Amino acid sequence: MNALLESLTKSLTEQGWKVEIQENNQIPAEIAQRYDLLPTDYIYFLRNMKACVNSAETVWMLCPDDFAPQGEDGFAWNEFEKMSLDAAEGDNSWTAEIKSFWNDHLPICLSLKDGYSYYALCLKDGTIVTGEEPEFEETTQVAPSFRDFLQMLCNGELDLE
């Protein structure tokens, strides 16, 4: 995994991304408590990545600091879940569906570039899916695993820009 992370850092840096490595990060407590079956490759990524954001700061891979509470103007790691829950206010069945979806899907990359979109780790099967506004919970699979997702980024098969 270390070689893949080095390759990812090189590839994204060449595309103008700001990528910072920092070893021995702690897994954010909120993530560890809510999502108990994280894949080993994703844990390695979180423990070794400090920042990973495009030059325009409109697309970023979620790193440990991104899971910390954000100020009023900040964009929370679970912002799309919050938006969906706001839309479902008063509809208990819809609210339950949204909560169930996000309990099984951990956002790993957020984008504000062309509207709101994200990539998420599906904890039921380890796949990576993508979704976008207005129906955040309608997804399309893009990679069979987190490792494959990173490899696709390195190979230029996925364009986060």
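Colleague: Which residues of α1 meet which in α6?
Modeller: On the α1 side they are L4, S7, L8 and S11, and they meet R147, L150, Q151, L153 and C154 of α6. Contact here means heavy atoms within 4.5 Å. Helices are DSSP runs of H or I with at least four residues, strands are runs of E with at least two, and both are numbered from the N terminus.

Colleague: What do the residues of that contact divide into?
Modeller: Five are nonpolar, three polar and one charged. Ala, Val, Leu, Ile, Met, Phe, Trp, Tyr, Cys and Pro count as nonpolar, Asp, Glu, Lys and Arg as charged, and the others, Gly among them, as polar.

Colleague: What should I know about the model and the numbering?
Modeller: This is a predicted model, in which local features need pLDDT of at least 70 and side-chain atom pairs count only at pLDDT 80 or more, while totals for chains, interfaces and linings use all residues. Residues are numbered from 1 along each chain as its sequence is written, and side-chain values use heavy atoms, with hydrogens and water left out.

Colleague: Back to the helices. At what angle do α1 and α6 pack?
Modeller: About 35 degrees, and the axes of α1 (residues 2-14) and α6 are 9 Å apart. The axes are lines fitted to C-alpha atoms, for helices over the stretch in contact, and angles run from 0 to 180 degrees between N-to-C directions.

Colleague: Left-handed or right-handed crossing?
Modeller: α1 passes α6 in a left-handed crossing. That is the term if the near helix is turned anticlockwise from the far one by less than a right angle; clockwise would be right-handed.

Colleague: Now the core. Which residues touch the most other members of the largest nonpolar core?
Modeller: Y42, F45, M61, I108, F146, F149 and L150, out of 50 residues. The largest share of this core comes from helix α6 (residues 146-155), with six residues. A nonpolar core is a set of buried Ala, Val, Leu, Ile, Met, Phe, Trp, Tyr and Cys residues joined through side-chain atoms within 4.5 Å. Buried means under 20% relative accessible area, exposed over 50% and partly exposed in between, with a 1.4 Å probe and protein chains only.

Colleague: What is F146 in contact with, leaving aside its neighbours within four places in sequence?
Modeller: M1, D41, Y42, F45, M61, I108, G126 and I128.

Colleague: Strands next. How many bridges join β4 to β5?
Modeller: Six, and β4 (residues 105-111) and β5 run antiparallel. Two strands pair if DSSP finds at least two bridges between them. C109 stands opposite Y119 in β5. The two strands form a hairpin with five residues between them, and G115 in the turn has a positive phi of about 90 degrees.

Colleague: And what about β5 with β6?
Modeller: β5 and β6 (residues 128-132) pair in the antiparallel sense over five bridges, and I128 is the bridge partner of L121. Their hairpin has five residues between the strands, with G126 at a positive phi near 80 degrees.

Colleague: Why is β5 described as largely enclosed?
Modeller: Because five of the six residues of β5 (residues 117-122) are buried, the rest of the structure largely encloses the strand.

Colleague: How many residues of β2 are buried?
Modeller: Four of the five in β2 (residues 49-53). β2 pairs with β1 (residues 18-21) in the antiparallel sense over four bridges, and E20 stands opposite A51.

Colleague: Which residues of α4 are buried?
Modeller: E79, F80, E81 and S84, in a helix that covers residues 79-87. The buried residues of α4 pack against α2 (29-34), α5, β4 and β5.

Colleague: N78 and N92, buried or exposed?
Modeller: N78, in the loop between β3 (59-61) and α4, counts as buried because its relative accessibility is 13%. N92, in helix α5 (residues 92-104), counts as exposed at 65%.

Colleague: Which residues other than glycine have a positive phi?
Modeller: N24 is one, at about 65 degrees, in the loop between β1 and α2; at 66% relative accessibility it counts as exposed. E57 is another, near 55 degrees, in the loop between β2 and β3, and at 58% E57 also counts as exposed.

Colleague: Which residues does a cis peptide bond join?
Modeller: E133 and P134, with omega about 5 degrees. P134 lies in the loop between β6 and β7 (139-143).
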